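The following paragraphs lead through a protein model from its overall organisation to individual residues. Please keep the sequence and the structure in view while reading.

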Amino acid sequence: MSADVLHAYRMQVARGVRRLSTDDTEQVTTLLELLGYTQEGTDVAGRMRSWVDHPDGGAFVWDERGRLLGVIAAHIIPSFEKDGSWLRIVALAVADSARGRGIGTSLVAAAETFGLMRGCHSVEVTSLRTREGAHAFYKALGYQDRSDAAGRFLRQLP
């Protein structure tokens with residue numbers, strides 16, 4: 001790990017970012033519902049355990065004296081067609097009352113640092129077209145909207 005990557009990680013930890021814990025389930029549930037994902041009747045605790053235990057998953061929270069103001073989850077995916085791996089941001093949520101304070105930026109930096117520490121060469125994130133604020137946020141961080149270059153096809157499995 002390079003000194004720059006280690007420094008970036010330490011800076012995020014110093015600012016309030018830490019790894020997700022299974023004790024965070026209740027507060028993470030609230031943050032996920034901010035994104036419009038109803039959690040009632042789902043196994044949030046089981047999902048949090050799998051993220052905490054997964055060797056290729058990195059989940060981080062912004063903890064302000066025991067109050068979680070943001071969460072991010074990212075997963076490392078090995079490339080098939082070339083050497084290396086890439087990081088996929090699966091979810092990012094910041095409490096409405098905490099937006100504009102750099103919390104989302106710090107959480108993305110923590111996820112990116114996790115990916116860099118594991119040898120990832122790029123990061124991907126998807127966002128619904130209706131989330132214009134999220135699109136502006138990612139563009140401000142240097143992410144490029146590549147939806148014109150590739151399609152996204154989904155199919156539900158039975």
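Among contacts in the protein between residues at least 6 apart in sequence, 63% join residues at least 24 apart; contact here means heavy atoms within 4.5 Å. The model is a predicted one, in which local features need pLDDT of at least 70 and side-chain atom pairs count only at pLDDT 80 or more, whereas totals for chains, interfaces and linings use all residues. Residues are numbered from 1 along each chain as its sequence is written, and side-chain values use heavy atoms, with hydrogens and water left out.

The protein contains five helices and five strands, where helices (H or I, at least four residues) and strands (E, at least two) are DSSP runs numbered from the N terminus. Their order along the sequence is α-β-α-α-β-β-β-α-β-α. The radius of gyration is 16 Å, close to the 15 Å that the globule rule gives for 158 residues, so the protein is as compact as a globular protein of that length. This radius is taken over C-alpha atoms, and the globule rule is 2.2 Å times the number of residues to the power 0.38. Along its principal axes, the C-alpha trace spans about 45 × 40 × 30 Å.

The protein exposes about 10100 Å², of which carbon and sulfur atoms supply 52%; accessible areas come from the Shrake-Rupley method with a 1.4 Å probe, and for residues only the protein chains shown count as cover. Buried residues make up 34% of the 158 residues. Buried means under 20% relative accessible area, exposed over 50%, and partly exposed in between (1.4 Å probe, protein chains only).

In soluble globular proteins, nonpolar side chains tend to be buried together. Here the largest nonpolar core has 35 residues, and those with the most contacts inside it are Val-28, Ile-72 and Leu-107. Such a core is a set of buried Ala, Val, Leu, Ile, Met, Phe, Trp, Tyr and Cys residues joined through side-chain atoms within 4.5 Å. At least two residues of this core come from each of helix H2 (25-34), helix H3 (44-53), strand E2 (57-64), strand E3 (67-78), strand E4 (85-94) and helix H4 (103-117). E3 provides the largest share, seven residues. Leaving aside neighbours within four places in sequence, the contacts of Ile-72 include Phe-60, Ile-89, Leu-92, Leu-107 and Val-108.

Which residues of H3 are buried? They include Val-44, Gly-46 and Met-48, and H2 is part of what covers the buried residues of H3. Thr-29 has its place in H2. This threonine counts as buried because its relative accessibility is 17%. Beyond its neighbours within four places in sequence, Thr-29 is in contact with Gln-39 and Val-44.

Arg-65 is found in the loop between E2 and E3. Its relative accessibility is 79%, so Arg-65 counts as exposed. Most residues other than glycine have a negative phi. Phi of Arg-65, however, is near 55 degrees, a positive value in a residue other than glycine.

Asp-145 lies in the segment after helix H5 (132-140). With a relative accessible area of 38%, Asp-145 is partly exposed. Apart from neighbours within four places in sequence, Asp-145 is in contact with Arg-129 and Lys-139. The C-alpha atoms of Asp-145 and Val-125, 20 residues apart along the chain, are separated by 9.5 Å.
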